[in-house]
Amino acid sequence: MTASRDIACRVRGFGAYTPVDVLTNFDLEKFVETTDEWITTRTGIRQRHRLAEGQNASDAAAEAARLALADAGMEPGEITHVINATCTPDYLCPNTACLVEAKLGIVGAMAFDFNAACSGYVYGLSMARAIVAAQPEARVLLTATEALTRRLNWADRTTCVLFGDGAGASVITADGQGALLEDVLCASDGNLGGLLTIGGGTHTPYAKGDPVGDDFFVQMNGRDVFKHAVRNMAAISQDVLARNGLTIDDVALLIPHQANLRIIEAVGDRLGIPADRVFVNLHEVGNTSAASVPLAIADARAKGVLRPGMRALLATFGGGFTWGAALLHF
Ligand code: ACO
């Protein structure tokens with residue numbers, strides 16, 4: 001057992017933010033060759049939120065962070081680390097965590113971004129646990145934010161109907177307060193990265209004035225993603241339960257990455273957990289990638305579905321490919 005697994009790492013505050021602007025499937029029908037019926041039956045999604053003009057991933061993260069800090073009863077100045085998960089940062093440089101830090105009035109914290117696509121929040125829990133294990137007085141602000149509607153190709157109906165914008169945030173400490181992070185496991189397979197991409201990095205050497213190509217936007221082989229997502233989310237969930245001597249019967253609520261209702265149902269079936277113990281809110285927000293799991297946690301708490309005393313199993317899968325699972329005891 002590693003040292004970081006021995007530390008009582010706790011998630012002490014939760015916050016979530018979705019932009020005001022809502023795009024329903026019926027709104028999409030007006031400019032995408034699709035129907036509400038197709039989107040609802042294939043994915044479960046009914047609407048998604050979209051950042052306003054001039055509002056960016058860092059703004060959404062800062063909103064979620066303020067709520068997480070209030071939930072934790074903490075001031076921004078108490079934060080020692082800001083770690084931010086995103087695959088749609090405001091800039092390649094500066095990192096979004098620094099922008100969030102500035103928006104919150106924090107100066108002097110360690111601040112960096114990381115990209116594990118939809119697995120960002122669970123990867124972030126793993127990093128936060130390592131930070132508080134190395135530095136028990138650390139107070140880590142983990143944000144997970146996405147501006148995915150900025151990278152959708154509205155001419156590609158196979159992807160543009162799936163994604164939305166939003167942010168989630170948590171404060172992680174070892175001070176004995178909040179939900180206990182019992183364990184977290186993360187994994188990846190970089191050989192499959194080409195199945196789900198968003199360009200705009202330096203791989204494609206754009207010159208000034210060049211138009212952007214299709215590669216600039218989300219591109220995905222949906223069927224392959226579906227297959228790998230189900231297999232890996234279920235397998236890593238079983239692994240994290242097994243190494244803690246638990247079974248699915250010990251889990252009060254499965255909170256999976258909100259990508260697609262059929263993926264969620266297939267993972268639930270593989271794990272043998274009844275549907276009434278699986279939290280779903282993707283019909284309201286679509287797939288918000290890194291923000292998906294913390295948005296779902298905040299929503300489940302707000303709706304009274306996730307209550308003190310309950311053990312939640314978080315399971316996620318995303319581009320990279322990356323995947324992970326965590327046990328949080330509220
Ligand atoms: N509206 C109407 N018709 C559409 C749309 C749309 N938005 N998109 C595709 N179609 C059509 C296709 O053109 C195709 O028509 P054809 O048979 O005439 O060629 C037909 O619907 C079926 O298309 P498929 O791509 O085969 O549809 P499928 O049933 O596989 O569903 C989907 C597509 C929903 C993307 C599915 O593959 C899936 O759920 N994949 C999982 C991927 C996912 O959710 N990823 C999320 C991001 S990754 C992550 O977060 C982990």
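These legends describe close-up views of a predicted model.

**View 1. Residues around the ligand.** The shell around the ligand holds 24 residues, and T34, R42, R223, H257 and N260 come nearest. Sorted by class, the shell consists of 11 nonpolar, 8 polar and 5 charged residues. Domain 1 (3–178) and domain 2 (182–329) each supply at least three residues to the shell.

**View 2. Polar side-chain atoms at the ligand.** T34 places a polar side-chain atom 2.6 Å from a nitrogen atom of the ligand. Two further side chains face oxygen atoms of the ligand: a polar atom of the H257 side chain lies 2.7 Å from an oxygen atom, and a polar atom of the N287 side chain lies 2.7 Å from an oxygen atom. On its own the ligand has 1000 Å² of accessible area, of which the protein covers 76%.

View 3. Two or more residues of the shell come from each of α3 (36–43), α7 (157–160), α8 (222–242), α9 (261–271) and β12 (311–318). Helix α8 gives the most, with 4 residues.

View 4. T40 is part of helix α3, one of the elements that give two or more residues to the shell around the ligand. The relative accessible area of T40 is 17%, which is under the 20% limit, so T40 counts as buried. A polar atom of the T40 side chain lies 2.6 Å from the backbone oxygen of D36. The T40 side chain also makes a polar contact with the side chain of N25, at 3.5 Å.

**View 5. Strand β13 and its two pairing partners.** Strand β8 (residues 179–188) runs antiparallel to β13 and is joined to it by 8 bridges. Within this pairing, L180 has H329 of β13 as its bridge partner. Strand β12 also pairs with β13 in the antiparallel sense, over 8 bridges. Here L313 has L327 of β13 as its bridge partner.

**View 6. The turn between β12 and β13.** The two strands form a hairpin, with 3 residues between them. G320 lies in the turn and has a positive phi of about 140°.

Note on methods:
Residues are numbered from 1 along each chain as its sequence is written. This is a predicted model: local features need pLDDT of at least 70, side-chain atom pairs count only at pLDDT 80 or more; totals for chains, interfaces and linings use all residues. Side-chain values use heavy atoms; hydrogens and water are left out. A residue is near a molecule or strand if one of its heavy atoms lies within 4 Å of it. A polar contact is a pair of N or O atoms within 3.5 Å; within protein, one must be able to donate a hydrogen and the other to accept it, and residues adjacent in sequence count only if both atoms are side-chain atoms. Accessible areas come from the Shrake-Rupley method with a 1.4 Å probe; for residues, only the protein chains shown count as cover. Ala, Val, Leu, Ile, Met, Phe, Trp, Tyr, Cys and Pro count as nonpolar, Asp, Glu, Lys and Arg as charged, and the others, Gly among them, as polar. Domain bounds come from an automatic or database domain assignment. Two strands pair if DSSP finds at least two bridges between them. Buried means under 20% relative accessible area, exposed over 50%, partly exposed in between (1.4 Å probe, protein chains only).
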